[in-house]
Each structure stands twice: as C-alpha cells, then as structure tokens.
Amino acid sequence: MSIKSLLPFGRTTDVTQGAASDPFTAMRRDMDRLFEDFSRGMSLPAGFSGTGMLSPKVNVSETKKGLEITAELPGIDEKDIDVDLDDGILTLKAEHKAEKEEKDEKKHYHLVERSYGTYMRRFALPFEPDEDKIEAKFEKGVLKIAIPRSAEAAKQAKKIAVKPA
C-alpha cells in the first residue's frame, strides 16, 4: 500500500518537505510560524512556573545515604518556609511577602524584576525515607534538606545470576 492511498481527497505528498502538501498543512505551517514570530522574545518571568506559583531553583543529588536537596529562597524568612512529607512526596513551600513601601512621588520605577508570592516544589522520593531523620537547614537564602534512606531501603539490591535453560 502506498502512502498516497492513505491521503484523503487525492492530496499528494511533497517529498522535499516530507509532509502532505495541501492547503490545510500549509495553513497550519503558516499559523505556527506566525505564533512563533509573535511570541519570540516573550517569556515568563524568572522562576515563574505558569501555575501561579513561583518555582525555586533546586539541586537534587543522590548519595549512598539518601537524597540531598538544596533550594534557593532569597529574601525569605525561615518562619515562612514549610517542608512536609506525605505519602512519599516531599513538598517545599515558602512565602515571599512583598515589602511595604511608603508612596514616594519622587520614586519612579523603570524596571521591576523581583518576584513576590508563593514558592512551591514537589519531589517524588525514589525510595522509602527514614522520616525521623530528615533534616532541613536554612542559611543565607539557601534551604538544604537531607533525606536519608530507611534501613530497609538502604540494603543493597541482590544480584541474581542468570543460568542457561
């Protein structure tokens, strides 16, 4: 069966472009190009996840003991950070409150890039953690979370030999 027989209404294939050359495909290509050109240079503010929550920059590393997560939370007070573990999901939530400024007629902002709002990240843990030994420390705008494996999860996987039948 040729590809030509699969195209409805006698549309032909354009071998040079690898796609069906019909008015609808051409219109779709032009619309995609239009939206790409229109949105070029536009982006979400740094750290914005598109869900209404700010997304802190994090590093996640695995060690023999477990996981280590570090998150950048500049300008946030320790009391405004909440870390919890529920059903294998670690949730990091923090509130960055806007600073109250007195109205000053002499001050005219030309650029505002600082973000205010709620930061949130969730992590599915790849092992059973030792919940009683999880530690979180906050220093100089960086939150460090150490998540050790439970004694059961810390055991090495057993190597199983494969024998011929």
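Let me begin with a hairpin, the one formed by S5 and S6, where 2 residues stand between the strands and aspartate 87 takes a positive phi near 55°. What we are looking at is a predicted model, in which local features need pLDDT of at least 70 and side-chain atom pairs count only at pLDDT 80 or more, while totals for chains, interfaces and linings use all residues. Residues are numbered from 1 along each chain as its sequence is written, and side-chain values use heavy atoms, with hydrogens and water left out.

A word on the terms I have just used: helices (H or I, at least four residues) and strands (E, at least two) are DSSP runs, numbered from the N terminus, and two strands pair if DSSP finds at least two bridges between them. On that basis the chain has 2 helices and 9 strands, and from the N terminus on the order of elements is β-β-α-β-β-β-β-β-β-β-α.

Back to the hairpin, then. S5 and S6 run antiparallel and are joined by 6 bridges, with valine 83 opposite leucine 92 in S6. Aspartate 87 lies in the loop between strand S5 (81-86) and strand S6 (89-96), and it is exposed, with a relative accessible area of 76%; here buried means under 20% relative accessible area, exposed over 50%, and partly exposed in between, with a 1.4 Å probe and protein chains only. Together with Asp82, Asp84 and Asp86, Asp87 forms a negative surface patch, a patch being made of residues with over 30% relative accessible area and no salt bridge, where like charges are joined within 9 Å and nonpolar side chains (Val, Leu, Ile, Met, Phe, Trp, Tyr) within 5 Å.

Strand S8 (residues 135-139) is joined to S9 by 5 bridges, the two running antiparallel, and alanine 136 faces isoleucine 145 across the pair, standing opposite it in S9. The hairpin of S8 and S9 has 2 residues between the strands, and lysine 140 takes a positive phi near 50° there. S9 (residues 142-148) pairs as well with strand S4 (residues 66-72), in the antiparallel sense over 7 bridges, where threonine 70 stands opposite lysine 144.

Now to the charged side chains. If a salt bridge is taken as a side-chain nitrogen of Lys or Arg within 4 Å of a carboxyl oxygen of Asp or Glu, the count comes to 5. One of them joins arginine 149 and glutamate 62, at 2.3 Å from N to O, and the pair links distant parts of the chain, since arginine 149 is in the loop between S9 and helix H2 (151-154) and glutamate 62 is in strand S3 (residues 58-62), 87 residues apart. Arginine 149 is buried, at 16% relative accessible area, whereas glutamate 62 is exposed, at 53%.

Another salt bridge is that of aspartate 80 with lysine 79, at 3.6 Å from N to O; aspartate 80 counts as buried at 16% relative accessibility, while lysine 79 is exposed at 66%. Both belong to a network of salt bridges that links Asp77, Lys79 and Asp80. Finally, lysine 133 forms a salt bridge with aspartate 130, their closest N and O atoms being 3.9 Å apart, and lysine 133 counts as exposed at 55% relative accessibility.

Terms used:
Accessible areas come from the Shrake-Rupley method with a 1.4 Å probe; for residues, only the protein chains shown count as cover. Lys and Arg count as positive and Asp and Glu as negative; His and the chain ends are not counted. The place of a charge is taken as NZ of Lys, CZ of Arg, CG of Asp or CD of Glu.
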